[in-house]
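The following report describes the architecture of a single protein model. Please examine the sequence and the structure shown here before reading on.

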Amino acid sequence: MTIKVLLVDDERLIRAGLAAIIDAEDDLEVVGEASDGTEVPGEVRRLRPDVVLMDVRMPRLDGIQATRHLLATVPEPPRIIVVTTFENDEYVYDALKAGANGFLLKRTRPEEILQAIRMVAHGDSLLFPAAIRELAGRHGSSGAGGAAWHGRLTEREGDVLRLMAKGHSNAEIAGELFVSPQTVKTHVGNILAKMQARDRTQAVIFAYETAFITPG
């Protein structure tokens with residue numbers, strides 16, 4: 001199955017470079033391009049991409065607002081990877097909170113970009129523990145809003161969430177906790193449901209924000 005990709009960036013050279021890398025792969029195809037976030041919903045409805053590579057900073061509608069609007073208005077929206085120049089960019093944190101499935105740096109190596117697209121297309125999140133921990137630390141942990149779900153997580157779900165925050169895969173968590181990967185998958189599903197999080201990245205960010213996990 002070919003993974004369809006929509007490129008969103010206000011710089012034509014960036015789009016051209018990404019398109020050359022992606023279209024060289026047998027299982028990936030760039031189905032369209034957009035130069036601003038305002039164009040994204042219409043292009044998504046028309047082209048039905050599996051993954052959107054979204055520049056986080058654009059002149060009219062940035063990647064954060066475009067992500068938020070896309071997820072709120074388009075049924076069965078595509079997976080979204082925001083692309084940024086700096087990993088400690090404040091925009092990255094807001095984009096992940098808005099529902100983006102991960103982020104990539106513009107200096108990321110081509111093979112890592114391709115791997116990220118495939119991972120996200122198959123339902124995984126791009127979780128970079130060190131970067132998210134740093135961003136969470138700078139935003140502070142007020143603990144507000146966490147009481148409603150802190151008590152709803154079981155002790156084992158709490159263990160799984162802490163390991164998720166370290167960037168562990170389901171298989172790695174299973175090995176750490178001496179349970180099966182299917183059991184971990186069930187725990188992850190329960191965590192996302194209780195936290196009303198779209199994916200692992202949002203769950204980890206919310207855990208930091210509500211002081212369930214502390215950046216230190």
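D9 is found in the loop between β1 and α1 (12-23); helices (H or I, at least four residues) and strands (E, at least two) are DSSP runs, numbered from the N terminus. This is a predicted model, in which local features need pLDDT of at least 70 and side-chain atom pairs count only at pLDDT 80 or more, whereas totals for chains, interfaces and linings use all residues. Residues are numbered from 1 along each chain as its sequence is written, and side-chain values use heavy atoms, with hydrogens and water left out.

D9 counts as buried because its relative accessibility is 3%. Buried denotes under 20% relative accessible area, exposed over 50%, and partly exposed the range in between (1.4 Å probe, protein chains only). The side chains of D9 and K106 are joined by a polar contact of 3.5 Å. Such a contact is a pair of N or O atoms within 3.5 Å; within protein, one must be able to donate a hydrogen and the other to accept it, and residues adjacent in sequence count only if both atoms are side-chain atoms. Neighbours within four places in sequence aside, D9 is in contact (heavy atoms within 4.5 Å) with I14, R15, A34, S35, D55, M58 and K106.

R107 is found in the loop between β5 and α5 (110-121). With a relative accessible area of 58%, R107 is exposed. A polar atom of the R107 side chain lies 3.3 Å from the backbone oxygen of T85. The C-alpha atoms of R107 and T84 are separated by 8.9 Å, and these residues are 23 residues apart along the chain.

### The sheet

Five strands form an open sheet in the order β2-β1-β3-β4-β5, with parallel pairing. Two strands pair if DSSP finds at least two bridges between them. The edge strands, β2 (28-34) and β5 (102-105), each pair on one side only. On average, neighbouring strands of this sheet are turned by 25° against each other, direction ignored.

| Strand pair | Bridges | Residues standing opposite |
|---|---|---|
| β1 and β3 | Four | V5 and V51 |
| β3 and β4 | Five | V51 and R79 |
| β4 and β5 | Four | I81 and G102 |

The chain passes from β3 through helix α3 (residues 63-73) to β4 in a right-handed β-α-β crossover. Right-handed means that, with the strands pointing away from the viewer, the path from the first strand over the helix to the second runs clockwise.

Strand β4 (residues 79-84) is largely enclosed by the rest of the structure, because six of its six residues are buried. In a regular strand the side chains alternate between the two faces of the sheet. In β4, R79, I81 and V83 point one way and I80, V82 and T84 the other way, and all are buried.

### Helix packing

The axes of α1 and α5 come within 10 Å and cross at roughly 70°. Axes are lines fitted to C-alpha atoms, for helices over the stretch in contact, and angles run from 0 to 180 degrees between N-to-C directions. α1 and α5 are therefore roughly perpendicular to each other, a term covering 65 to 115 degrees; angles under 35 degrees count as roughly parallel, over 145 as roughly antiparallel and the rest as oblique. L18, I21 and I22 of α1 and P110, I113, L114 and I117 of α5 make the contact.
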